[in-house]
Amino acid sequence: MAGQEQQQPQSRDTEVDEDIPAPPPAPAEAQASAATQGVDDLLDEIDGVLESNAEEFVRAFVQKGGQ
Amino acid sequence: MTARPERAPGSALPAGGAMRVMGSETEYGIHAPSAPGANATMMSARVIQAYAQVTRQRAAGGAETRWDYTDEEPLHDARGWTVERTSADPSQLTDQPPVLDAEAIAMAYGRDELDHDGEDESGSLLMNMVLGNGARLYVDHAHPEYSSPEVTNPRDAVAWDAAGDLVVLAAVRRLAADPTLPPINLYKNNTDNKSVSYGSHENYLMPRSVPFGDIVRGLTPFFVSRQIICGAGRVGLGQASSRPGYQISQRADFFEAEVGLETTIRRPIINTRDEPHATADKYRRLHVIIGDANLSQASNYLKFGTTAMVLSLIEAGLAPKVEVHEPVAALQTVSHDTSLSATIRLLDGRRVTALDLQWMYHEAAAKLSQETGVADAVDGDGHTHAVLERWAATLSQLDNDRSAAASSVEWLAKLSLLEGYRQRDGLSWDNARLGLIDLQWADIRPEKGLYHRLLSRDRMQRIVDDQAIARAVAEPPSDTRAYFRGRCVSSFSKDVVGASWDSVIFDVPGYGRLQRVPTREPLRGTEALTGGLFARHHEAAPFLAELLGLGTTPPPG
C-alpha cells in the first residue's frame, strides 16, 4: 500500500528531473541520513520490544466496559 | 460531630488564568496474556491488593485506608435534578462499594481462592485504597483506576497523574514476581479497539454561580477541537475499528450525545454529573469525560492548562462566541482528519478548522489573562504564561512544522512511529503489527511501553522530571486538602479507618466513636495550614485533640 503511494508520481518526477540541476547539497543530505539512521535505530530497538505474534496478542486484548 | 481540619481559611487561587483546583482519573486497560478470559474485576482487585502489599512493605502499619462512600452522589445532574436509582444504568451506581462476586472469583481462579487469597487482613477483598499521596486507587467496573489528588495547576496535574502510572507499575511488578499468579499488563489507553472504551477523566472546580448553559456553550467548540493538541492517537476508525486508518483521538468515536449524565453509555461531550465533593452551594466539580489518557507530558499539560483557562473565560463571560453545528459529528470529523485541514460548520455559517477554533480560544484566553495580570512572565501566577506560550507554539507547529510537534503532541508522536513502520515494512493500516504498536504504546512498563522507549531516547519532551514524579508517588501536593488526607494516611494509618475526597475518618482509642473530619474546602488542609500540626504530633490522639480544639487529651470515653 505504502509502495503504491510512492510510485504514483513517478512520471512527473522524471520530467522534473530533466529541468532541475543537481540534487540537494551534501549537508542537508547528511542531516537527512542521520535522521533516517535515528529512525532505523529506533525501529530496530522497538522490533526487539514488540510482543511476538502481533495478531494473536491484539486479538486477545479484550476489555470490559468502562466509563 | 463536626470539625475543621484547618483554622484559617484557604486563600483563593489567582483567577483568570490556568490555576484551578483540578485532578485526573485514569482507568487502565488490563490484560493477562497467559490467562485469557480471566475475570477483569478480579484481576483489577489483584492490582489494588498488590499495591497494598507494596505500601505495607514501605510504611510500617500500611499506607492504606478504605474509601468512605457517604458523600458520593453520582446521580445528581448539574442541570438540577436527580435520576431515580431504579432508572439508572447499574454502572452509574458508583456510590456503593463494588461487590466482587464470589462466583466470578471461583470461575477465574478456582474455589480455593475464596478461602485463602485475594483478601486483606480483615477478611474482605480490598477494592479501594486512599494513598499517602492523597490519591484514590480502586476497582472501577472492570478496570483498576487511579484518581489523582487535587492539585492547583497543570504542572502538578502532570506530576500526580504520571505518579499514578508508577503506582500501578509497582503493583504490576509485584504481581510479576509472584510465581503463583499470572502476570498482569496495564495499558494507559482508552479502548480495546473491539467496541469497548474506558475513560480518563478530568475534574475542575468551578463556582456554582456559573450557569451550566454557559459551560456547555463555552466548552463544546473547545472540546471538539482540543484533541489536536492532546489526542493520544488511535489505529482504526469506528467504535469496533471496522475501518482501517489512523485517527487523532482514542475516545472520539465513542461519543454519541452533546450533554448528559451518563459516562458508560450514550457518552456525552459535556458530562453533567454533579458531585462536587465539596461545599455544594459554593462549588461544582466539572467532570470532563471526553479526554484521552495521556502519556505525553506535554499533551497532558496542555489538556489541563488550556481547559482550565477556557473555564476562566467562561466564568468571565468571555468565551469565544462560536457554536458548532452537530458537535458529535464534528468531533469525529476532526479526529479522523490527521491533515488538520477538514472544516467544520458553525451555526453562523462559517466553516473553520480545528486549528482555527483553538486559535480563537487562545486569543481570548491570552487577552483575559493579560487583563487580569496572571499571564505576566514575572509577576503572574507562575503558570498561565507558560501554558499560553506552549499552547501557541504547539498550534504553530501543528500548522507548519509537524515534525517538531511530534516530540510533544501524543497522536503525532505515535503516528510518526507508525509511519516509520509503514515505510520500512510496507504495512497497510489493517496490519496487526500497527495495532500492536498502538496497544503497546500505552504499556506502562518502561521496558515494554513504546512511549517510554521514545522518552528514554529523549524523543518526547518532559514537563516534570523523573524525581518530581517519584516524589509525587509518596507525597501529596502541598497546596490543597489532599495534603491533609495524604498526611493523615501516611502518618496515622493505623487509626484512619476511612477517607474520601471530603472526609477523613479516625478510630482513635479514647474516643467513644469514630471521628469524621470533613474536608469540604479544597483549598484548606494545606501544608501551610496544617503542616505544623503534623510536625507536632506523631500519634493520632493528640493530633486529633488539637485539630478538634479539644486541648491535648482525648475527651473522656
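The model is predicted. Chain A and chain B bury about 3300 Å² between them, and 7 salt bridges are counted between the two chains. The structure holds 0 disulfides over all chains.

**Chain A**

- Chain A has 4 helices and 0 strands.
- The chain has 67 residues, of which 21% count as buried.

**The interface between chain A and chain B**

- Chain A brings 29 residues to the contact, and chain B brings 52 residues.
- Carbon and sulfur atoms give 59% of the area of about 3300 Å² that is buried between chain A and chain B.
- On the chain A side, the most area is lost to chain B by A:Phe61, A:Gln63 and A:Gln67. Together these residues make up 28% of what that side buries.
- The rule finds 13 residue pairs in polar contact across the interface, with both residues at pLDDT 80 or more.
- Three helices of chain A, H1 (2–7), H3 (26–49) and H4 (54–60), each supply at least two residues of the side that touches chain B.
- H3(A) gives the largest share of that side, with 10 residues.
- By residue type, the side of chain A that touches chain B holds 14 nonpolar, 6 polar and 9 charged residues.
- One salt bridge joins the side chains of A:Glu45 and B:Arg453, at 2.7 Å from N to O.

- B:Ser335 sits in helix H7 of chain B, which spans residues 327–336.
- B:Ser335 counts as buried because its relative accessibility is 0%, and the cut-off is under 20%.
- Its side chain makes a polar contact with the side chain of B:Gln247, at 2.7 Å.
- A polar atom of the B:Ser335 side chain also lies 3.0 Å from the backbone nitrogen of B:Ser249.
- Setting aside neighbours within four places in sequence, B:Ser335 is in contact with B:Gln227, B:Gln247, B:Ile248, B:Ser249 and B:Ala252.

- Helix H16 covers residues 527–536 of chain B. Its buried residues are B:Thr530, B:Gly531, B:Leu533 and B:Phe534.
- The cover over the buried residues of H16(B) includes helix H15 (482–491) and helix H17 (540–547) of chain B.
- B:Thr526 lies in the loop between strand S19 (515–518) and H16 of chain B.
- B:Thr526 has 8% relative accessibility, so this residue counts as buried.
- Beyond its neighbours within four places in sequence, B:Thr526 is in contact with B:Ser478, B:Asp479, B:Thr480, B:Tyr483 and B:Gly531.
- B:Thr526 and B:Ala482 are 44 residues apart in sequence, and their C-alpha atoms are 7.5 Å apart in space.

**Cysteines**

- B:Cys230 is buried, with a relative accessible area of 4%.
- B:Cys488 also counts as buried, at 0% relative accessibility.

Notes
Residues numbered from 1 in each chain as written. Chains lettered and ligands numbered in written order. Predicted model: local features only at pLDDT ≥ 70, side-chain atom pairs only at ≥ 80, totals over all residues. Heavy atoms only, no water. Disulfide = S-S within 2.5 Å. Buried < 20%, exposed > 50% of the residue type's maximum accessible area, 1.4 Å probe, protein only. Contact = heavy atoms within 4.5 Å. Buried area = accessible area lost by both parts, 1.4 Å probe. Salt bridge = Lys/Arg side-chain N within 4 Å of Asp/Glu carboxyl O. Polar contact = N/O pair within 3.5 Å; in protein donor to acceptor, adjacent residues only side chain to side chain. Nonpolar A, V, L, I, M, F, W, Y, C, P; charged D, E, K, R; others polar.
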